[in-house]
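Me: I am new to this structure. Please take me through it in short steps.

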Amino acid sequence: GEKAPPGGGGAFGEEDRIRRRDGRYIWIMLHAVKMPASDGGDIIYGIFTDLTGIKDMEEKLENDKQELESVIRSIPGGAATFEVGGGSYKLVYCSDGVPSLFEMDRAEYLSVTHDGRHVGILDADVESVTSAVDQAAAGRKELDVTFRLLRSGGNVVWINLRGGVIGERDGHPLLHMIFHNMSSAAELYQDIVDESGTAILVADLHTRELLYINEAAARFAGKSKEDYAGRKCFEYMMSGGAPCSFCGLHQNQGDSCQKIVMGGRHYNTTFKRVRWNGHDAYIQYLSDITDEWNMERVIAQEKDKLQNIVDSVTAGIAVYTMGSDGSLSLTVANRAFDDILGIDHGGFGHSLYTSIMSRVFKEDAAEIEKYAGRLLSGGGDARAAFRLRDSEGDGFKWIYLSAVCSRTPGGEVTIFSTFTDVTEIKRLEEKVEREKSIVNLAMRNSDVCFWKYYPVDGSTDLLGREKCLLFPEKRMSNV
């Protein structure tokens, strides 16, 4: 405290802590006046004031201030208060986090922001930020705007600014603002996206100005990632002067996906409308699928070769798979399959088996059903000949069926089958049988005996007449 000079007069004051009899300390303020007495001595007049309550309040206020500062420092960004009036923005207070957003220390920030605005804000966002702040200061709406900060090296950081009026000073509103920068989680997601091989860009839906690109997009454009800020998407990505022909926005489409070819490479591009930090925007994904396209082409060529080989086979080839419900699905069939059975397998689906069986002769259907049941149960193979009526019902064909069943360890059942038109063979067999019957009939009615001799074992057969004229006791049944 302030004390009186030794040996002099005047007033003085002092703050001290004293210990009471109960052991508790209190704060005391002494205001005293030292005056000379009539006897030549000194008289001191003093007033003692208990300051304990005030000191406790000051200590609490200081603790609260420290806690508030800790809360403000914990904000991923910072806080600032501006006096807004007459088109000027005077900085009243800012936390340490605000200058760090602009890559400055506190002294640097205060020296360059005497009016507190436009420092480092991307030119394209200045108008929207100024408008939002002015409306909030006028009390017309809460402050909530997102803008971009241009940092050293051209790196762009998104900042969300929120706040409102907290009072007045000199007749001007005091606008308190909270600056939120990208969280560590968001930065992690951005790092993950940057590692993606898919080019990703975000652009304003109305102006086509780029709002974000990842590293893959920069590599595709052949430019530095730091160069995209404020540029049109088609200008940066394609070095063009107009929107790309494949752009979903240019084609007035909604969300879309298509394949394009550029520079001899094949790409899959996806277009999606989004809301991005307060902007109506769209995301464009661009994936290089050249390797996949080349592989698909090789597979298609090999498949065509295999199909040509299969189609060159005169027998009908069909591969069935059995579903978990026991239904059959035709997965592979050649042209001969359709030609032999007189059908178009593409138009039947799961009813193909039923359609074919409806044309099988009733006398042959039971055997086919028996083999089919055995195959569907996952067992063995089947071989059978059956008659199949023509689609018009005027005639029929003889069909020879050969099938084998394969069951995988996972329980999937596949049936490989061939269908051969053996109508001509059957007709030849029938013709041979008829001619054989005629020959036998002629031999039986002839006076000549015919013998067949087998030199291997010396056995003989009597052909022709029922009795041999030379050996009447021998009959054909016991020769």
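Me: Which residue's side chain meets that of Arg383 in a salt bridge?
Reply: This is a predicted model. Side chains of opposite charge can pair when their charged atoms come close. Here the N to O distance is 3.0 Å, and a salt bridge needs one within 4 Å. The partner of Arg383 is Asp381.

Me: Is Asp381 buried, partly exposed or exposed?
Reply: The relative accessibility of Asp381 is 31%. Buried means under 20% and exposed means over 50%. The value for Asp381 falls in between, so Asp381 counts as partly exposed.

Me: How exposed are the two partners in the salt bridge of Arg20 and Asp22?
Reply: Their side chains meet at 3.5 Å, N to O. Arg20 has 38% relative accessibility, so Arg20 counts as partly exposed. Asp22 has 51%, and the cut-off for exposed is over 50%. So Arg20 is partly exposed, and Asp22 is exposed.

Me: What is the distance between the closest N and O atoms of Glu235 and Arg231?
Reply: Glu235 is partly exposed, at 33% relative accessible area. Arg231 is partly exposed too, at 22%. The two form a salt bridge, and their closest N and O atoms are 3.6 Å apart.

Me: Which residues are linked with Arg148 in a network of salt bridges?
Reply: The structure holds 14 salt bridges. Arg148 also has a place in strand pairing: its bridge partner in strand 7 is Trp158. In the salt-bridge network, Arg148 is linked with Asp125 and Glu209.

Me: Which strands stand at the edges of the open sheet of five strands?
Reply: The order of this sheet is 5-4-8-7-6, with antiparallel pairing.

Me: How many bridges join strand 6 to strand 7?
Reply: Neighbouring strands of the sheet are turned by 35 degrees against each other on average, direction ignored. Strand 6 and strand 7 run antiparallel. The number of bridges joining them is eight.

Me: At what angle does helix 4 run to strand 6?
Reply: Helix 4 covers residues 123-137. It lies across strand 4, strand 5, strand 6, strand 7 and strand 8. Its angle to strand 6 is about 150 degrees.

Me: How many residues are in the largest nonpolar core?
Reply: In soluble globular proteins, nonpolar side chains tend to be buried together. Among the elements that give two or more residues to this core are helix 9 (335-341), helix 11 (362-376) and strand 18 (413-421). Phe337, Leu341, Phe386, Ile415 and Phe419 have the most contacts inside it. The core has 28 residues.

Me: What does Leu341 touch, not counting residues up to four places away in sequence?
Reply: Leu341 is among the residues with the most contacts inside the largest core. Beyond its sequence neighbours, Leu341 touches Ile356, Arg359, Leu388 and Phe419.

Me: Where is Asp170, and what is its phi?
Reply: Most residues other than glycine have a negative phi. Asp170 is not a glycine, yet its phi is positive. Its place is in the loop between strand 7 (156-169) and strand 8 (172-181). The phi of Asp170 is about 55 degrees.

Me: Is Ser239 buried or exposed?
Reply: Ser239 lies in the loop between helix 7 (233-238) and strand 11 (256-262). Its relative accessible area is 58%. The cut-off for exposed is over 50%, so Ser239 is exposed.

How values were computed
Residues numbered from 1 in each chain as written. Predicted model: local features only at pLDDT ≥ 70, side-chain atom pairs only at ≥ 80, totals over all residues. Heavy atoms only, no water. Core = buried A, V, L, I, M, F, W, Y, C linked by side-chain atoms within 4.5 Å. Buried < 20%, exposed > 50% of the residue type's maximum accessible area, 1.4 Å probe, protein only. Helix = DSSP H or I, 4+ residues; strand = E, 2+ residues; numbered from the N terminus. Contact = heavy atoms within 4.5 Å. Pairing = 2+ DSSP bridges. Axes fitted to C-alpha atoms, helices over the stretch in contact; angles between N-to-C directions.
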